[in-house]
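Please open the structure in your viewer and keep the selection tool at hand.

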Amino acid sequence: MATSDEIGRERQRVSEQLARLDAERAKLADELNDLEIAERVLTQFGKTTGTIERRRRGSPARTAPVAREAPRARPHREAPTVALRDAVLRAVEAHRGGATANDVLGYLSREFSMTVRPNHLGMALQRHRRGGRLELRDQRWYVPRT
């Protein structure tokens, strides 16, 4: 049964080669992690790292060789055509019976496609209140009576 002996030898050779590749992959993964740590340290202390690609937090490091891809272009997000201060005033004016902060947030996202952090909205509303352009009564924002 020479055939089963050849199969056994070939199987042994392939398993040894796989073991070598696994050891090399582990070694390269360790090197990659060391380089990423060094990159974070350098960027933390203000030195630029050149052409090192940035990774998002939580994404695993690549360990298998990957063909070089063309860099992906990030979609250019246009700046809103209306400033937040003006959009907030329009949102409050649109709600004749008074607007809560959540109403204003919804209006900004619906009408102007703006994503506004709640603390930024609160600051804009308070600036308008201090400037006399808005009033706060019963947890609702109103345009002052003239």
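The stops that follow concern a predicted model.

**Stop 1: the first helix.** Select residues 2-44, which form helix H1. This helix has 43 residues, and the distance from its first C-alpha to its last is 63 Å, close to the 63 Å expected at 1.5 Å a residue. Next, colour Ala 29, Glu 36 and Glu 39, the buried residues of H1. Then move just past the end of H1 to Gly 46, where phi is positive, at about 90 degrees.

**Stop 2: the nonpolar core.** Now select Val 88, Val 92, Val 104, Leu 108, Leu 121, Leu 125 and Leu 134. These residues have the most contacts inside the largest nonpolar core, which has 17 residues. Which elements give two or more residues to this core? They are helix H2 (84-94), helix H3 (101-111) and helix H4 (118-130). The greatest contribution comes from H2, with five residues. In soluble globular proteins, nonpolar side chains tend to be buried together.

Centre the view on Val 104. Apart from neighbours within four places in sequence, Val 104 is in contact with Ala 91, Val 92, Ala 99 and Leu 121.

Stop 3: Select Arg 140 and Asp 103, whose side chains meet in a salt bridge (3.7 Å, N to O). Arg 140 belongs to strand S2 (residues 140-142) and Asp 103 to helix H3, so this pair joins distant parts of the chain, 37 residues apart. Arg 140 is partly exposed, with a relative accessible area of 30%, and Asp 103 is also partly exposed, at 29% relative accessibility.

**Stop 4: the remaining salt bridge.** How many salt bridges does a search of the whole structure find? The search finds three. To complete the set, select Glu 135 and Arg 137, which form a salt bridge with their closest N and O atoms 3.6 Å apart. Glu 135 is partly exposed, with a relative accessible area of 28%. Arg 137 counts as partly exposed as well, at 25% relative accessibility.

Conventions:
Residues are numbered from 1 along each chain as its sequence is written. This is a predicted model: local features need pLDDT of at least 70, side-chain atom pairs count only at pLDDT 80 or more; totals for chains, interfaces and linings use all residues. Side-chain values use heavy atoms; hydrogens and water are left out. Helices (H or I, at least four residues) and strands (E, at least two) are DSSP runs, numbered from the N terminus. The expected span of a helix is 1.5 Å times one less than its number of residues. Buried means under 20% relative accessible area, exposed over 50%, partly exposed in between (1.4 Å probe, protein chains only). A nonpolar core is a set of buried Ala, Val, Leu, Ile, Met, Phe, Trp, Tyr and Cys residues joined through side-chain atoms within 4.5 Å. Contact means heavy atoms within 4.5 Å. A salt bridge is a side-chain nitrogen of Lys or Arg within 4 Å of a carboxyl oxygen of Asp or Glu.
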